[in-house]
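Hi,

Here's the structure I promised to pass on. Have a look at it first, and then read my notes below.

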Amino acid sequence: MTGQPLSVPARAWVVTFAGTSVNLCLGILYAWSVWKANLIASEKHPAGSPMDGLNEGWTYLTKAEATWAYAVCGFIFALAMIPGGRLQDRLGPRVGAVMGGLFLASGCILAGLMKNYTGLILGFGVLGGVGMGLGYAAATPAAVKWFGPQRRGLIVGLVGGGYGGAAIYISPLAEWLIAHYGLSGSFIGLGLLFALVVVVAGLLLSWPPAGYVPPTPPISAANPPAITGLEWPASKMVRTWQFYALVFLFIGSAQSGLLVIANATPMLKSIPAAAALITENAWLLSSFGGFVNATGRIGTGRYSDVLGRRNAYLVNGAVSAVCLFLTPAVLWTENVVLLFVVVGVAYWQYGGGLALLPALTADYFGSKNLGFNYGLVFLGWGIAFFVPQAAGYIEDVTGKLDYAFYVSGGLLVAAVILSRFLRRPVESRTDERLG
């Protein structure tokens with residue numbers, strides 16, 4: 001197949017939904033609050049005391065300790081995106097996806113077998129983070145190459161929606177596995193499942209054939225798209241101020257969502273007035289967040305294709321910042337409905353950011369080197385993990401998360417303001433004419 005087809009071939013959708021399937025496993029990170037709720041100490045079980053029953057061999061952790069595996073996983077994930085992106089750009093998506101599935105599976109199994117804090121850090125944190133980075137770097141760029149810019153936001157949203165939506169099924173499944181097979185059984189069982197699904201789905205990923213040009217509607221001279229006409233290598237991308245702006249926009253949007261994700265289940269359990277069913281099944285909040293996270297990626301990706309990426313970032317960020325500032329008051333009133341509302345907004349904005357940033361990277365710097373270029377921009381997501389980690393220390397000292405939410409809201413406001421100044425980089429007059 002060469003030249004520009006009239007419609008996207010069926011193979012493009014196979015790759016898109018294979019990438020979604022890969023991310024449905026890699027997204028275990030978004031269900032971490034379920035494990036955290038079972039690991040953190042209480043007055044009855046102080047930090048360092050041993051567990052019994054199905055969890056014999058494990059010990060209770062402080063809130064900060066229970067967040068470290070989550071934070072390390074996210075940061076390693078971001079770092080692994082860089083070599084993962086290079087691997088995708090040079091060898092294609094299958095190698096990275098398969099390797100990612102095997103790393104994640106081995107990490108989960110190691111954490112389950114070691115039954116301690118070190119195992120969580122090395123297994124879930126390090127090996128799991130490497131697996132997520134390699135797999136995630138393969139899935140999205142592979143799908144984007146099949147579609148023109150008019151569908152870029154939607155496709156990124158669909159593939160990324162798998163990662164965000166993973167918590168919908170992993171949260172209740174993890175809670176059930178922990179209840180019946182203990183912490184170790186949950187890690188080992190999910191590790192085996194992920195190895196199977198990611199390897200099979202990863203083998204379905206592929207690039208378009210040589211000479212393929214995705215179908216693109218005619219460009220209106222009165223309303224030209226804010227996309228580049230060049231394929232920027234990373235060496236030139238990092239010399240632009242727009243690259244660093246995108247990294248900060250990633251930090252701003254991601255840190256607020258990650259703060260909520262890390263604390264979704266414990267926040268619900270902190271409200272005594274919550275209905276018994278919800279309290280006993282606190283994973284419901286995490287699953288609800290996963291659903292909104294996924295729909296936020298698809299929805300934001302879709303309307304960003306129409307409204308523009310910057311306008312979509314403004315709408316999502318402004319509404320979410322207000323909700324972050326209100327979250328401490330919502331927790332104080334113990335209103336479960338309002339808690340679901342503010343958490344839902346945070347998840348939507350977070351998911352939307354993970355659709356907007358790869359689309360913006362492709363819009364500004366091209367799709368040819370998207371794997372490596374987006375891997376560099378994705379460092380902002382890894383840096384964002386320091387906010388929920390700092391929140392763990394704040395909560396250990398003050399007994400509440402109020403100040404963490406205020407700081408998070410302030411960072412998001414700063415990112416929204418910066419987004420209003422963002423413009424496509426122009427390397428030459430030639431590129432300017434193409435814009």
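Let's start with Lys400, which is partly exposed, at 40% relative accessibility. Its side chain meets that of Asp402 in a salt bridge, with 4.0 Å from N to O. Asp402 itself is buried, because its relative accessible area is 18% and the cut-off for buried is under 20%. Keep in mind that this is a predicted model.

How many salt bridges does the structure hold? There are 3, and Arg309 takes part in a network of them with Asp305 and Asp363. Between Arg309 and Asp305, the closest N and O atoms are 2.7 Å apart. The salt bridge between the side chains of Arg309 and Asp363 also comes with an N to O distance of 2.7 Å. That pair ties together distant parts of the chain: Arg309 sits in helix H11 (residues 309–333) and Asp363 in helix H12 (residues 336–365), 54 residues apart. Is Arg309 buried or exposed? Arg309 is buried, with a relative accessible area of 9%, and Asp363 counts as buried too, at 4%.

What does Ser253 touch, once you leave aside its neighbours within four places in sequence? Its contacts are Tyr313, Gln349, Tyr350, Gly353, Leu357 and Leu412. As for Gly301, it lies 48 residues from Ser253 in sequence, and the two C-alpha atoms are 15 Å apart in space.

Cheers

Note on methods. Residues numbered from 1 in each chain as written. Predicted model: local features only at pLDDT ≥ 70, side-chain atom pairs only at ≥ 80, totals over all residues. Heavy atoms only, no water. Contact = heavy atoms within 4.5 Å. Buried < 20%, exposed > 50% of the residue type's maximum accessible area, 1.4 Å probe, protein only. Helix = DSSP H or I, 4+ residues; strand = E, 2+ residues; numbered from the N terminus.
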